[in-house]
Amino acid sequence: MKAIVAHAAKDLRLEDRDTPTAGPGQVLIKMQAGGICGSDLHYYNHGGFGAVRLREPMILGHEVSGIIEALGDGVTGLRAGQLVAVSPSRPCQDCTYCHDGKQNHCLNMRFYGSAMPFPHIQGAFQEWLVADATQCAVADGLTAAEAAMAEPLSVVLHAAKQAGALTGKRVLVTGCGPIGLLAVLVARVAGAAQIVATDITAFTLHMAEKVGADITHNVAETPEALDNYTANKGHFDVLFECTGVAPVVASTIPALRPGAIMVQLGLGGDMMLPVQAMTAKELQFKGSFRFHAEFFEAVDLMRNGRLDVKPLITDTLPLDEMHAAFELASDRTKALKIQLSFA
């Protein structure tokens, strides 16, 4: 079978690997769709992010869906021929964090396509994948492309839980890549009274308006745009920060109301923040990292029609055009979620 393997920055190879076999409690899946994530782009463009670096060849990918080909012994509740979204979250379920219900902080996490541990955890951009049956969310009624969006949607659902109830809240979203746009979608469904989104490209801001933002600002053209929200100590109750860029985070502080909740999703390396200004406003800064149970919630939300992720999928390319796919996914002036077709 073919697999997409990153060796170093800009060194991406389509390699032959042995086709796996499902063991007890597992299923063999014929991959159908895989979305290129921001972390995949970091590995492709830079060989890693922050202190996380590629130290050996690694199969990329963790936003995937496929059709069950075969069931291992003891698998129930699934059948061959079903389309499933495959959760990349594989906690040990035996460490202290797993027992506390914080599986996303598992001490022995095996998250697809991660160079955080060594040896690296190999990813899911391969034609055939063996997964635990517990990772598989039945995606009947969805397309393979929609099912592959369950992973990024799960990231945002976890972040929304960090923010608490959004009904009637004024929400600011900084950064309108796929995660930022999903934050707009989730905030709208959750009953936010107003959603304002910022970015630096017209294309992404147009998409933000399309999926539910009330107001958008191009902060490359108008850097002082958030000054309009600073009267009376600020305007916004919740921030979903999706850039990971320190000056962007700092620029939001005057626009946030005292006691506002800042949810940090963007990962761009260590940042220097205006802690004194944050303290004076009693802002609540909350990190948001990965997800676990939210994966099945994400699939259910898409299946029941509550969330439509299709507008975010801008292009689908075959495996043999993987380099073009990764280059296109890196261009936020004309692309959002780029997916690979394994079919």
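Predicted model: local features only at pLDDT ≥ 70, side-chain atom pairs only at ≥ 80, totals over all residues.

User: Why is Glu15 called buried?

Analyst: Buried means under 20% relative accessible area, exposed over 50%, and partly exposed in between, with a 1.4 Å probe and protein chains only. Glu15 has 18% relative accessibility, and therefore counts as buried. Glu15 belongs to strand 2 (residues 11-16), where a strand is a DSSP run of E of at least two residues and a helix a run of H or I of at least four, both numbered from the N terminus.

User: Which residues is Glu15 in contact with, leaving aside neighbours within four places in sequence?

Analyst: With contact taken as heavy atoms within 4.5 Å, Glu15 touches Met1, Lys2, Ala3, Val5 and His7 once those neighbours are set aside.

User: What makes the pair of Arg17 and Glu15 a salt bridge?

Analyst: A salt bridge requires a side-chain nitrogen of Lys or Arg within 4 Å of a carboxyl oxygen of Asp or Glu. The side chains of Arg17 and Glu15 meet at 3.1 Å, N to O, and are counted as a salt bridge. Arg17, at 29% relative accessibility, is classed as partly exposed. In general, side chains of opposite charge can pair when their charged atoms come close.

User: Why is the salt bridge of Glu294 and Lys161 said to tie together parts that are apart in sequence?

Analyst: The two side chains, of Glu294 and Lys161, form a salt bridge at 3.5 Å, N to O. Glu294 lies in helix 9 (residues 294-303) and Lys161 in helix 4 (residues 150-163), so the pair joins parts that are 133 residues apart in sequence. Glu294 counts as buried because its relative accessibility is 6%, whereas Lys161, with a relative accessible area of 46%, is partly exposed.

User: How many salt bridges are there in the whole structure?

Analyst: A search of the whole structure finds 12 salt bridges. Among them is that of Arg257 and Asp237, at 3.3 Å, N to O, which links strand 15 (residues 256-264), holding Arg257, with strand 14 (residues 236-241), holding Asp237, 20 residues apart. Arg257 is partly exposed because its relative accessible area is 33%. Salt bridges also link Glu146, Asp308 and Lys310 in a network.

Methods: Residues numbered from 1 in each chain as written. Heavy atoms only, no water.
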